Every structure is written in C-alpha cells, then in structure tokens.
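Visitor: Hi! Could you walk me through this one while I have it open?
Guide: Happy to, just ask away.

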Amino acid sequence: MSRRVRMLVLGPGLLGLGALFAWAIAGLPAFGHYRGPYGYVLNRLVVPLRHTTNVVMGTNFDVRGVDTMGEEFILYAAVVGVTLLLRDESNARHVERHTRRLRNETVRLAGVAMVGGGLLVGLWLMAFGYITPGGGFQGGVVAAGAVLLLYLAGSHRDYSPFRDAHVLDPLEGVGAGGYVVVGLAALASGSAFLTNLFGRGTTGTLLSGGSIVILNWAAAIAVTCAMLLLFAEFLETYVEPLETEEAGA
Amino acid sequence: MTLAATLVPLQAVSFALVALGAPLVVLTRDPLRQALVNGVYGVSLVCLFVVLQAPDPALSMLAVSGIGYPLVILAAIARVRARDRRKEDDS
C-alpha cells in the first residue's frame, strides 16, 4: 500500500475518532464532580458494616469479592500460560551456575539493605491492607520485587530458594484455592458464596473485617508466588543463557 | 485558603507532568532507555493518583510500572540483543 493510500485511509479514521473523542469529553461531568451513587453508598456502608477503614479493600474482598476472585484467577492463568510456554523440564534446573557477582561492594551493600526494607514494606502493605491503603496484590508484588533484588545484588545461589518450583507451585495453588475455599465455606454454612463468615472485630485494628483478612492473605500468597514464578521462568529462559555465554566468552 | 484550593496547583502540576511524560516515552527510540523513561513516567502517574486522593491505584501503579513491567521489557530486550549479537558473530 502506498503512502498516499495509507494517508487516505488514516485521515477519515483520525477525524472520526477525534470527533467521537471530543464528543465524549464534552459529555463528562465537570472535573472533581463525582456523580455515581455507588461510591457514596460504599463510603457510608463499608466501615459500619465491615469495620475495615480502607473502604477500597472492604469493597474488593467483600462487597464485590467474586470479581476479585476472577481477577486472581486471571493472574493465575497468565502465570500458568507463561510456565507452560517457558518451562523446560529437560533443562537441568538445579545446575549450579557460576556467574560474575557484582564487583562494586557499595552497590551490593545498598542492594542487600533494600531487600530487607522492601520485604518489610511488602509485608506491611499486605497485613494492613484493609486498614490503610495497600492490600494483598500490591504487597505481593513489592515483596516479590524485594526478593528479586537478592538476585541482582547477590548471586544465583542466594536466590535459588526463591525460584524452586516445588515450593512455589503448591503455595501459588494454596493462595488461589484458599480464596475459593473461603467462598465455599460460606456456601456450606448455608449462606451465599463468599458471605463474610467471621466476627467483624474492632474498627481500625488488624482484627477487623472477618473473612476479608483471610481473603487478603490468600491473595497476598497467590500474588507473591505468581510474581516469583514469573521471575524464575524469565530468568531461566532469557537471562541465564546470556550470562553463561558471556562468562564463556 | 481551604485544603481543596491548595490542592489545585498540585493537581495542575501533576497533570502537566503526565502530559509531558507520555510523549517523551513515545519519542524515545532506544528500547532500553524507553523502559527507563517509562518507569519515570509511571512515577509521575503515581504522583497524580496520590494528589487526586487515590492511594490504592497509586500503589498498584507503583507495583506494575516500577517492578512488573520493566522486568518483562528488560528481559525481552536482553534476549533480542543476544540474538542480534549471535547473528553478527555468525556473519
């Protein structure tokens, strides 16, 4: 297709898209003027009914807990897909590879210090997710990222416990499955799927929210393991062949 | 001056940073640099979310744009560059 024909196709398309976009923008409520009733209703109901001061998590893990279950399984399916594509069982997984460590001691020291700090921030985000902003998803990614720093600042050997599929695969399953089990437990007790089963506790403490606590930790375990599994597969497939090649060169 | 009024300039600056950052990501040609610029752009979005009083999306954005996305991109770049190098060695 020549440049002229392309422009002839692009022009009307851009014009049409631009017109629709302008129309949509013009119809938006004014900036800062939220109109929907859903948010107002939740802001009034979640704290008195669930005792979780972070309304977002009270919504994610209780009011629309089924959606979050779906989202958790999207991540699960993505990780299973990546693993099926990349994992090579014939490749000896536990061969000790000798690669160069970072030479600069200051960078290594700072990196190792950040592992502890990052892990602590991740755990805090997970544990207090339903009280202050945070939650299992964000905390899980932060914790997994902190552990990955161990690989960057340390070596394969330091990182190897965190890439062992024999540990990560079952834990990932426990996290994803635990969420469903809590939902089914509510069904078995005679109420609707994912009904909050436990006492609501004291507002603003770790002992608040009932089932939300368990669902939050299940999501945290699932997400942490999912990210670690992804890192492990990517490192195995993309980074290590490079490093051995460079070491040999 | 009320709290809402003090937030207006902050919001304006955050929006401006995001509006500036997006074209910068697109205009960076080298993929490695693009990954880094995209990370900085992610941080500007995080600031915008915080200023708009949405800390939960800000944390999600931080986790995705700061940890998840760059790692996948960097791994892919490393892979492609290694293949190119191998091709050069062969020829």
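Visitor: How does helix 1 of chain B pass helix 2 of chain B, in a left-handed or a right-handed crossing?
Guide: Helix 1 of chain B passes helix 2 of chain B in a left-handed crossing. Left-handed is said if the near helix is turned anticlockwise from the far one by less than a right angle, right-handed if clockwise. Helices here are DSSP runs (H or I, at least four residues), strands are E runs of at least two, and both are numbered from the N terminus.

Visitor: Before we go on, what kind of model is this?
Guide: This is a predicted model, in which local features need pLDDT of at least 70 and side-chain atom pairs count only at pLDDT 80 or more, while totals for chains, interfaces and linings use all residues. Residues are numbered from 1 along each chain as its sequence is written, and chains are lettered from A and ligands numbered from 1 in the order in which they are written.

Visitor: Thanks. Back to that helix pair: at what angle do the axes cross?
Guide: Roughly 160°, with the axes of helix 1 (residues 3-27) and helix 2 (residues 31-51) of chain B coming within 9 Å. That makes helix 1 of chain B roughly antiparallel to helix 2 of chain B. The axes are lines fitted to C-alpha atoms, for helices over the stretch in contact, and angles run from 0 to 180 degrees between N-to-C directions. Angles under 35 degrees count as roughly parallel, over 145 as roughly antiparallel, 65 to 115 as roughly perpendicular and the rest as oblique.

Visitor: Which residues make the contact?
Guide: On helix 1 of chain B they include B:Leu7, B:Leu10, B:Phe15 and B:Val18, and on helix 2 of chain B they include B:Val37, B:Tyr41, B:Leu45 and B:Leu48. Two residues are in contact if their C-beta atoms, placed from the backbone, lie within 7 Å. The residues of this contact divide into 15 nonpolar, six polar and no charged. Ala, Val, Leu, Ile, Met, Phe, Trp, Tyr, Cys and Pro count as nonpolar, Asp, Glu, Lys and Arg as charged, and the others, Gly among them, as polar.

Visitor: And what does chain B's secondary structure come to?
Guide: Three helices and zero strands. The C-alpha atoms of chain B fill a box of roughly 70 × 25 × 10 Å along the principal axes. Chain B has a radius of gyration of 18 Å, while a compact globule of 91 residues would be near 12 Å. That radius is taken over C-alpha atoms, and the globule rule is 2.2 Å times the number of residues to the power 0.38.

Visitor: How much of chain B counts as buried?
Guide: Of its 91 residues, 13%. For chain A, with 249 residues, the figure is 32%. A residue is buried if 20 or more other C-beta atoms lie within 10 Å of its own, exposed if 12 or fewer, and partly exposed in between, with C-beta atoms placed from the backbone.

Visitor: How many residues does each chain bring to the contact between them?
Guide: 13 residues of chain B are in contact with 14 residues of chain A. The chain B side has nine nonpolar, two polar and two charged residues.

Visitor: Over to chain A, then. How many helices are there?
Guide: Nine helices and zero strands. The axes of helix 2 and helix 3 (residues 55-63) of chain A come within 10 Å and cross at roughly 75°. That makes helix 2 of chain A roughly perpendicular to helix 3 of chain A.

Visitor: What does A:Leu42 touch?
Guide: A:Leu42 touches A:Val55, A:Thr59 and A:Val63, not counting residues up to four places away in sequence. A:Leu42 is found in helix 2 (residues 37-50) of chain A. A:Leu42 counts as partly exposed because 17 other C-beta atoms lie within 10 Å.

Visitor: What about phi at A:His51?
Guide: A:His51 has a positive phi of about 65° although it is not a glycine. Most residues other than glycine have a negative phi. A:His51 lies in the loop between helix 2 and helix 3 of chain A, and it is buried because it has 22 C-beta neighbours inside 10 Å.

Visitor: And B:Gln53, buried or exposed?
Guide: B:Gln53 is exposed, with 8 other C-beta atoms within 10 Å. B:Gln53 has a positive phi too, of about 60°, and is found in the loop between helix 2 and helix 3 (55-90) of chain B.
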